Amino acid sequence: MQTLKNLLTQIQEVGDLKDLETLRLQVLGKKGVLTQEFSALKKLEGKEKTQKAQELNTFKEAFVRVHASKKKELQDLELEAKLRAQAIDPTLANSTLGSSLGHPLSYTKDRIITYFTQQGFKLHVGTLVEEERYNFDMLNMPGYHPARDMQDTFYFKDHKLLRTHTSPTQIHAMQTQKPPIKMIGVGPTFRRDYDTTHTPMFSQVEGLVVDHAQKVHFGHLKQVLEDFLHDFFGGVKVRWRSSFFPFTEPSAEVDISCVFCAQEGCKVCKHTGWLEVLGAGCVHPAVFKHAGLENVSGYAFGLGIERLTMLTCGINDLRSLFETDLRLLEGF
Ligand code: FA5
């Protein structure tokens with residue numbers, strides 16, 4: 001019994017988990033001391049056997065308890081040592097990392113925001129979960145409009161949805177500010193889309209300028225956007241095509257000369273020499289009415305940040321921008 005008691009002292013002195021396991025096997029293993037003591041019980045009889053069995057069981061309980069607490073203590077120490085060895089010192093210089101402009105999408109977004117805020121546009125972020133009426137009705141898109149289809153829009157209960165464009169920020173701005181208003185609404189938008197040029201989440205920049213009647217007209221819109229496109233893309237040609245948006249009248253889509261082939265014709269511009277970059281127009285009178293404004297004039301425009309990033313970075317699959325593949329990101 002003295003040998004067994006010594007084991008309880010010995011276990012306290014063990015220094016690592018491997019030695020602890022060796023000791024456990026020496027005691028409780030198939031050929032362990034305690035296992036042998038238990039099998040020797042069969043040679044004893046009566047009271048002596050009962051007393052010895054009680055002693056062995058008491059020792060076994062004590063050993064198992066001390067072993068468990070020692071094991072926990074050693075595991076904690078081991079983890080602490082491991083964490084200490086892996087500690088990161090963020091102040092150390094790393095010669096393998098180069099300087100970066102950030103993710104191409106953030107870089108493009110920041111460039112656009114900087115440009116327009118320097119021109120006096122106030123930044124709005126808006127809300128991603130929008131009321132159906134702000135996203136559609138108040139923008140002159142009544143119930144039968146195809147964009148409201150369940151196939152295109154992510155709906156919640158109670159006439160709420162994930163905004164499908166940043167145009168609702170127009171209504172919020174008009175309801176909360178008095179003209180003159182000059183703002184950009186920027187942020188994520190959502191549609192049930194997925195192919196090389198469309199993703200379910202993408203970001204838009206909305207522009208809105210509102211002032212008193214006849215103070216703002218299409219000529220101002222044209223000037224503002226052409227200046228922006230020349231600043232953003234350098235020496236490109238800009239083409240205006242008449243178009244339709246329910247919330248602007250007249251409406252237009254704006255193309256730039258293809259930045260990939262200098263209008264020679266390529267796959268990206270589908271051999272037209274032109275790339276569509278944004279939608280725009282004068283604010284529709286119905287939108288002013290829904291927003292509660294009278295005797296005002298204004299223009300609005302909307303562009304996709306991913307689209308502009310694809311064009312400036314030469315990316316032909318939009319989805320790759322969301323894959324966090326370092327090889328692609330290192331290319332910028
Ligand atoms: C609109 O969303 C209008 N609200 C824009 C507007 C604002 C027009 C104000 C007039 C006045 P459109 O559905 O065309 O229009 O989308 C604008 C841009 O968002 C597109 O040119 C495209 O670059 C981008 N876009 C649309 N759907 C996706 C998508 N699934 N993935 C990535 N980009 C997209």
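**Helix pair.** I looked up how H2 and H4 are oriented and found that they are roughly antiparallel to each other, because angles over 145 degrees count as such. I note that the model is a predicted one. The axes of helix H2 (residues 17-28) and helix H4 (residues 46-86) cross at roughly 165° and come within 10 Å. I recorded the crossing of H2 and H4 as left-handed.

I then listed the residues that make this contact. H2 contributes Leu 17, Leu 20, Leu 23, Arg 24, Val 27 and Leu 28. On the H4 side I find, among them, Phe 59, Phe 63, Val 64, His 67, Leu 74 and Glu 78. Sorted by class, the contact of H2 with H4 holds nine nonpolar, two polar and five charged residues.

**Domains.** I consulted the domain assignment of the protein chain, which gives domain 1 (2-85) and domain 2 (104-329). I find the C-alpha centres of domain 1 and domain 2 to be 73 Å apart.

**Sheet.** I traced an open sheet of seven strands in the order E1-E4-E5-E9-E8-E7-E6, and its pairing is mixed. Strand E1 (122-124) and strand E6 (238-245) are the edge strands, each pairing on one side only. On average, neighbouring strands of this sheet are turned by 25° against each other, direction ignored.

I next examined strand E5 (residues 201-212) and strand E9 (residues 296-304), which run antiparallel and are joined by nine bridges. For Val 209, I noted Tyr 299 in E9 as the bridge partner.

Finally, I checked helix H8 (residues 218-233), which packs on the sheet and touches E6, strand E7 (248-257), strand E8 (274-283) and E9. The direction of H8 makes about 150° with that of E8.

Key:
Residues numbered from 1 in each chain as written. Predicted model: local features only at pLDDT ≥ 70, side-chain atom pairs only at ≥ 80, totals over all residues. Heavy atoms only, no water. Axes fitted to C-alpha atoms, helices over the stretch in contact; angles between N-to-C directions. Helix = DSSP H or I, 4+ residues; strand = E, 2+ residues; numbered from the N terminus. Parallel < 35°, antiparallel > 145°, perpendicular 65-115°, else oblique. Left-handed = near helix turned anticlockwise from the far one by under 90°. Contact = heavy atoms within 4.5 Å. Nonpolar A, V, L, I, M, F, W, Y, C, P; charged D, E, K, R; others polar. Domains from an automatic or database assignment. Pairing = 2+ DSSP bridges.
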